[in-house]
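Good morning, colleagues. Please look at the sequence and the structure as I bring them up.

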Amino acid sequence: VGTLGAAYVANCDAAKDFLVTNEKVPQQRVAVIRNPVSTDRLQDGLRNIPTAASLGIKDGEQVVGIVASVRPVKDHATFFRAASLVLKDHPRTRFLVVGWQESGTFANLQLLVRKLGIERQVSWTGAVSNPFSLLSHFDVGVLSSRSEGFSNALLEYAAAEVATIATDVGGTQEIVQDNQTGLLVPPGSPELMAERICRLLGDKTLCKQFGENAQRRVASCFSEEKILRQYSELYLGLAGQLRRKSA
């Protein structure tokens, strides 16, 4: 800030590490303030839940969902390869894909889904204004990204009490606690992802416990009130530095 040098805010430890290592920003100039969960957005979504039938979900189906823009870094291909394996043990599973679709990537993934023979069990919603409206249909939420910062989708899963399977990249570990709020897998590992999904689909008690743990963690660590207080403290601290420098 001014003659003191710029101050930076990263939304996760992984982003801070990137700034320090790759951009050579002094670590003392980087504060970490994570994204909050919007209570209003959550409540609005819960007031506007679409019917299962409108999403292609049939009676008796469990739902494994992914909220992510359809583009290469989100690696939906791994998600679909895992889906084809899950269906061998859990044939009554619906895979719900939520998010904006990059046209070329979407076309390639449609080909993959047909090649895997799972197109009848996959539903695409495209972009939705508030993903919270769909999350009450999820039994399991998935993140299959090759790279991430601090994933809003993972926060949303947790706030909606959805157990998670997520790739261990970027700031994922700062949201998902392995074997407590969800399960972590290496990126690009469809077999492991499928095994973890099957574990949760086959154990409703564990799935429910992970979801409850995740929701409590979000309320404790990522509430709007807590995050806004952290920003307030940061700005007041910077203002105090400027006053002392001027004096």
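Let me begin with a definition: helices (H or I, at least four residues) and strands (E, at least two) are DSSP runs, numbered from the N terminus. The model before you is predicted: local features require pLDDT of at least 70, side-chain atom pairs count only at pLDDT 80 or more, and totals for chains, interfaces and linings use all residues. Residues are numbered from 1 along each chain as its sequence is written, and side-chain values use heavy atoms, with hydrogens and water left out.

A salt bridge here is a side-chain nitrogen of Lys or Arg within 4 Å of a carboxyl oxygen of Asp or Glu. How many salt bridges does this rule give? The count is nine.

I turn to helix α8 (residues 204-221), where K208 and E212 both lie, four residues apart, or about one turn of the helix. Their side chains form a salt bridge at 2.3 Å, N to O. E212 is partly exposed, at 22% relative accessible area; the classes are buried under 20%, exposed over 50%, and partly exposed in between (1.4 Å probe, protein chains only).

Elsewhere, salt bridges with shared partners join D13, R34 and E174 into one network.

Next, D75 and R146 pair at 3.9 Å, N to O. D75 is buried, at 6%, whereas R146 is exposed, at 51%.

Finally, R196 and E195 meet in a salt bridge at 2.4 Å, N to O, and E195 is partly exposed at 39%.
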